[in-house]
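Open the model in a viewer and follow the stops below. The tour begins with the whole chain and ends at a single residue.

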Amino acid sequence: MPALPQLPDVHGHFGPYGGMFVPETLMSALNDLAVEYERAKNDPIFQSELDELLRDFAGRPTPLYLAERLTKNLGGAKIYLKREDLLHTGAHKINNALGQILLARRMGKTRIIAETGAGQHGVATATVAAHFGCECVIYMGSVDMERQALNVARMRFLGATVVPVTAGQATLKEAINEAMRDWVTNVRTTHYILGSALGSHPYPMMVRDFHRVIGIEARRQIQEREGRLPDVLLACVGGGSNAIGLFHPFLNDKSVRMIGVEAGGEGIRTGKHAARFQGGRLGVLQGTKTFVLANEDGQIELTHSVSAGLDYAAVGPEHSYLRDQKRIEYDYATDDEALAAFRTLAETEGIIPALETAHAIAHVIKIAPRMAPKGLIIVNCSGRGDKDVSQAAAHFSM
Ligand SMILES: *Cc1c(COP(=O)(O)O)cnc(C)c1O
């Protein structure tokens, strides 16, 4: 396997994917952002400020935890969980929100906007905005507001204005449209903190870089614990930020297999799913060229997942590229498999995962028993399940 090139190129391309498909009015803002990001990346003051916030405010480094009872019950490879669920606000999202708000401050922007699906990114953004005393507006689909009422209340307590979006399916895609519309209008004063490795350049690169800390820590921690690299890395893939953050620092380690797990919803054949690599096609959605769930005319199809955070029609462009390169494999877990895994992890380890994370846990339940006991798996435990407890309780009639 030859070493993979440093990507994206200066225009944000990951091979044939990525790029900048945005209205003219946003081009200069995105170019300014790319320039400022390059400067910040090479500025030791920016890095030390971010490192300090990640440590003292967010709670890094997160533990690499040996899931002993889960390992024993499955009877195969040793399973480690990278505990992003222990971060402040309950998921990996805060890594990116902190990085981006520091950039916004460098650019003199005092108003912060964001979209949110499950509400985790909205909460992370409202949190960093409160920390720095910035005005904050969060766009959220009205359907998602209903299924994630706890996070809506959290955002409001943090001082954010939550704007319900009722267009279309009233979920994440429509919320992103509204956030883009706001940004076009208010771009002089406003920074848009996009929540995944998605959208126009420079977001997929920038969001990835802010989450690479997950993989950098995991690499060091597994070396300390086991004296070698893992055999398999596993993560759920919505837009793909927690997955690329864990995987990226291992891309050139050819012994490490990587698997991204998408939302299989009610099953691929029913069409009610959000697994872009199962029946998706090349298309452009919300600023980037990538795999999308669309019909032959390019119309975006309806998506479905029990987890709001995986319920989106496009996948981050770098994932499309790494799939073509056969560097990352992609599989899926259904709603039912994720719900079962949610219970399994709670009962065997005392950890209630987010329903998004439960998709990755469902996959480890499938593959660990087929591996030898000397095998090592790291699963990214991307978030905690507090936000999902009432939905799961309703499902199981508890
Ligand atoms: C948002 C979210 C995801 C999905 O987003 P990615 O960008 O694919 O990581 C996964 N897990 C949790 C806990 C989330 O909050």
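Start with the contacts across the chain. Of the contacts (heavy atoms within 4.5 Å) between residues at least 6 apart in sequence, 75% join residues at least 24 apart in the protein chain.

This is a predicted model, in which local features need pLDDT of at least 70 and side-chain atom pairs count only at pLDDT 80 or more, while totals for chains, interfaces and linings use all residues. Residues are numbered from 1 along each chain as its sequence is written, and side-chain values use heavy atoms, with hydrogens and water left out.

Next, colour by secondary structure. The protein chain has 14 helices and 14 strands (DSSP runs numbered from the N terminus: helices are H or I with at least four residues, strands E with at least two). Its radius of gyration is 19 Å, close to the 21 Å that the globule rule gives for 398 residues, so the chain is as compact as a globular protein of that length (taken over C-alpha atoms; the rule is 2.2 Å times the number of residues to the power 0.38). The C-alpha trace spans about 55 × 45 × 45 Å along its principal axes.

Then colour by burial. Buried residues make up 61% of the 398 residues (buried means under 20% relative accessible area, with a 1.4 Å probe and protein chains only).

Now select T357, in helix α13 (residues 355–367). T357 is buried, with a relative accessible area of 0%. Finally, show what surrounds T357: leaving aside neighbours within four places in sequence, T357 is in contact with C236, N380, C381, S382 and G383.

Key:
Buried < 20%, exposed > 50% of the residue type's maximum accessible area, 1.4 Å probe, protein only.
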